[in-house]
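Open the model in your viewer and keep the sequence panel beside it. The stops below say what to select and what is found there.

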Amino acid sequence: MTCAAPANNHTDFAKKEHLFPCLQEDSGIPTEPFLSAFQGLADFVGFMGTAFAPVKSDIAGNVRTRWLKDRIGQDTLQKLIASDLKDNGGKLGIATEGLLWLKRGQEFMLLMLIFMVRDYRKDKASTESLVSVINGAYEGSLKRHHGFISKQVFKVRILTF
């Protein structure tokens with residue numbers, strides 16, 4: 001399998017360090033480039049303002065902390081997960097749970113970007129406020145995973161946006 005970087009670096013997402021690693025069959029997902037790519041996502045979230053500061057600080061934080069304990073022994077996400085599960089008696093540990101939330105956060109960001117483009121194409125003026133876009137993305141991704149308190153915190157944070 002060949003994997004090439006984009007032809008240009010005109011966006012932050014096209015930078016080599018922000019690209020998700022190319023995968024080879026049966027070799028696993030390399031942890032360091034994976035976390036580096038998520039840092040690019042965290043930087044993007046940071047541009048959205050203080051309402052998203054907790055999201056930015058949490059992206060890859062718990063996973064990175066686990067990986068830094070044993071970079072060589074956890075050089076793939078599969079090894080990191082196996083180690084985390086082993087240390088927690090087969091239950092989700094902080095790093096494994098962190099990966100789950102990274103996936104959920106990606107779903108949120110994807111929906112948010114899809115809704116932004118959709119709304120822009122319908123009516124450019126409607127994109128002045130992103131509140132409806134963010135709410136729609138939240139409803140379609142994270143809300144079902146949040147408890148009562150987290151849902152209330154989200155409502156408060158969105159008011160500051």
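Which helices are included in what covers the buried residues of α6? Select α5 (94-122) and α7 together with α6: both helices are part of that cover. Keep in mind throughout that this is a predicted model.

**The whole chain**

Show everything as a cartoon. The chain holds seven helices and zero strands. Of its 161 residues, 30% are buried. Among contacts between residues at least 6 apart in sequence, 48% join residues at least 24 apart. The accessible surface amounts to about 10300 Å², with 59% of it belonging to carbon and sulfur atoms.

**Helix α6**

Now select residues 131-140, which are helix α6, and show side chains. Val133, Ile134, Ala137 and Tyr138 are buried there. They sit on the same side of α6, because they cover an arc of only 130 degrees around the axis.

**The core**

Next, select Phe34, Leu99, Phe108, Met109, Met112 and Ile134. These are the residues with the most contacts inside the largest nonpolar core, which has 26 residues. At least two residues of this core come from each of α1 (31-46), α3, α4, α5, α6 and α7. Helix α5 gives the largest share, seven residues.

Stay on Met112 and show its surroundings. Leaving aside residues up to four places away in sequence, Met112 touches Phe44, Met48, Val133, Ile134 and Ala137.

**Helix α4**

Move to α4 and select Leu77, Leu80 and Asp84, which are the buried residues of this helix. Look down the axis of α4: its buried residues fall within an arc of 60 degrees, so they line one face of the helix. What covers them includes α1, α3 and α5. After α4, select Gly89, whose phi is positive, near 60 degrees.

**Salt bridges**

The chain has seven salt bridges. Start with Asp87 and Arg66, where the closest N and O atoms are 2.7 Å apart. This pair links distant parts of the chain, with Asp87 in helix α4 and Arg66 in helix α3, 21 residues apart.

Then select Lys79 and Asp75. They form a salt bridge with the closest N and O atoms 2.9 Å apart. Lys79 is partly exposed at 41% relative accessible area, and Asp75 is partly exposed at 35%.

Go on to Lys103 and Glu107, a salt bridge with the closest N and O atoms 2.4 Å apart. Both residues lie in helix α5, four residues apart, about one turn of the helix. Lys103 counts as partly exposed at 43% relative accessibility, and Glu107 counts as partly exposed at 25%. Elsewhere, salt bridges that share partners join Arg66, Asp84 and Asp87 into one network.

**The surface**

Switch to a surface view and select Phe148, Ile149 and Val153. Together they form a nonpolar patch with about 350 Å² of accessible area. Ile149 belongs to helix α7 (residues 148-159). Ile149 counts as exposed because its relative accessibility is 63%, and the cut-off for exposed is over 50%.

For the last stop, select Ile72, in the loop between α3 (61-69) and α4 (77-87). Ile72 also counts as exposed, at 75% relative accessibility.

Conventions. Residues are numbered from 1 along each chain as its sequence is written. This is a predicted model: local features need pLDDT of at least 70, side-chain atom pairs count only at pLDDT 80 or more; totals for chains, interfaces and linings use all residues. Side-chain values use heavy atoms; hydrogens and water are left out. Buried means under 20% relative accessible area, exposed over 50%, partly exposed in between (1.4 Å probe, protein chains only). Contact means heavy atoms within 4.5 Å. Accessible areas come from the Shrake-Rupley method with a 1.4 Å probe; for residues, only the protein chains shown count as cover. Patches are made of residues with over 30% relative accessible area and no salt bridge: like charges are joined within 9 Å, nonpolar side chains (Val, Leu, Ile, Met, Phe, Trp, Tyr) within 5 Å. A salt bridge is a side-chain nitrogen of Lys or Arg within 4 Å of a carboxyl oxygen of Asp or Glu. The arc is that of the directions from the helix axis to the C-beta atoms. A nonpolar core is a set of buried Ala, Val, Leu, Ile, Met, Phe, Trp, Tyr and Cys residues joined through side-chain atoms within 4.5 Å.
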